[in-house]
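Hi everyone, thanks for making time today.

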Amino acid sequence: MVRDARRTIDTSRGALLDDLEASLRRLKTDHVDLWQVHAWGSAPIDETLSALDTAVARGMARYVGVSNFVGWQTATAATWQEADRSRIRLSSVQVEYSLLARRAEVEVVGAAAYHGLGLLAWSSLGRGALSGRYGGGRVPRDSRAASDHFGWFLEPYLQPRSQAIVDAVAHAAQGLGLTPPQVALMWVRDAPQVASALVGPRTVAQLSELIDAESKELVAPSSPRSTTSRAGRTRCAQGLRPYRPEVSSIATEWTPESWSTVRCSTPVAPRVRRCRSRGPRGNARPGCRGPWSRAAGRRWCP
């Protein structure tokens, strides 16, 4: 919030409800569909979350969530609300997530999956770096990166390491017959646990380009992504990686029971083979690597 021309973080119950009421007056409405706490502040978390309960009870918000919380903060807030049936369960967690910002995969995606939260990915185009305007390290004069107001915001994603991803997205878009923004948006849209990918187009043309991506897919429907064996287990097509929707996309352990819910993701990992071992601490067969799965009683190997 902004007070006396200065940005401050006040997550106390009174401040949050006052700000919500002020927002409703400016919007000329009596409620919002989703109200989210956008920072972990100095106020006790139970006080902060009580404001969400009050907002729903008064009819000022239909659903509530949190934003910019790291993994343990998301899990703490969700667990507190679930501990008492009189409290309103969280519906969402909003974090920055794109091909250039994948830190959410470390803990937030897993926490969201465990607690049944929809993940809202803000800046899904990498703060604009994946818009196709910054290929080859170019910075157009009329771009956000060249402005004094937004330059600092894009600067982290214009470094050599990020530039390689920007160029790769542009190359993939050319081969798929899409635009770089569409490829970047569709990747986030189809990622596990993502409920919505948020964008901020400035022009009607930009908005139309992104809306057009809704009817497209990165992998053509005619390409078989998986088949089902006689045992009812999902077998992914060559070059595709299995994942479970309720588990983080970076999970690498699987149990026999999990294969009934396996889906296939984009080709980011080679095929895997199964290796048996003498036990959790025994010696695996030569060339067998990867995490040990106690439930499966075997290792997964590249």
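**Starting from strand S5**

Let's begin in strand S5, where Ser92, Gln94 and Glu96 point one way while Val93 and Val95 point the other way, and all of them are buried. Before I go on, please keep in mind that this is a predicted model. How many of the residues of S5 are buried? The count is 5 of the 5, so S5 is largely enclosed by the rest of the structure.

Now let's look at the neighbours of this strand. S4 pairs with S5 in the parallel sense, over 3 bridges. If you want a landmark there, find Val66, which stands opposite Val93 in S5. S5 and S6 also run parallel, and they are joined by 5 bridges. The landmark for that pairing is Gln94, whose bridge partner in S6 is Leu120.

Which residue does the side chain of Glu96 meet in a salt bridge? The partner is Arg127, at 2.9 Å from N to O. This pair links distant parts of the chain: Glu96 sits in strand S5 (residues 92-96) and Arg127 in the loop between strand S6 (118-122) and helix H5 (151-154), 31 residues apart. Both Glu96 and Arg127 are buried.

As a general point, side chains of opposite charge can pair when their charged atoms come close. In this model the count comes to 6 salt bridges. Another of them is between the side chains of Glu21 and Arg58, at 3.8 Å from N to O. Glu21 belongs to helix H1 (residues 13-27) and Arg58 to the loop between helix H2 (45-57) and S4, so the pair ties together parts that are 37 residues apart in sequence. Glu21 itself is partly exposed, with a relative accessible area of 29%.

A further salt bridge joins Asp190 and Arg189, with the closest N and O atoms 2.8 Å apart. Are these two buried or partly exposed? Asp190 is partly exposed at a relative accessible area of 38%, and Arg189 counts as partly exposed at 22%.

Let's turn to the surface. Trp40, Val70 and Trp72 form a nonpolar patch there, with about 300 Å² of accessible area together. Val70 lies in the loop between strand S4 (61-67) and helix H3 (71-82). With 39% relative accessibility, Val70 counts as partly exposed.

Finally, let's zoom out to the whole protein chain. Its secondary structure comes to 8 helices and 14 strands. The chain has 302 residues, of which 39% count as buried. The accessible surface is about 17600 Å², and 51% of that belongs to carbon and sulfur atoms. As for contacts between residues at least 6 apart in sequence, 67% join residues at least 24 apart.

Technical notes
Residues are numbered from 1 along each chain as its sequence is written. This is a predicted model: local features need pLDDT of at least 70, side-chain atom pairs count only at pLDDT 80 or more; totals for chains, interfaces and linings use all residues. Side-chain values use heavy atoms; hydrogens and water are left out. Patches are made of residues with over 30% relative accessible area and no salt bridge: like charges are joined within 9 Å, nonpolar side chains (Val, Leu, Ile, Met, Phe, Trp, Tyr) within 5 Å. Accessible areas come from the Shrake-Rupley method with a 1.4 Å probe; for residues, only the protein chains shown count as cover. A salt bridge is a side-chain nitrogen of Lys or Arg within 4 Å of a carboxyl oxygen of Asp or Glu. Helices (H or I, at least four residues) and strands (E, at least two) are DSSP runs, numbered from the N terminus. Buried means under 20% relative accessible area, exposed over 50%, partly exposed in between (1.4 Å probe, protein chains only). Contact means heavy atoms within 4.5 Å. Two strands pair if DSSP finds at least two bridges between them.
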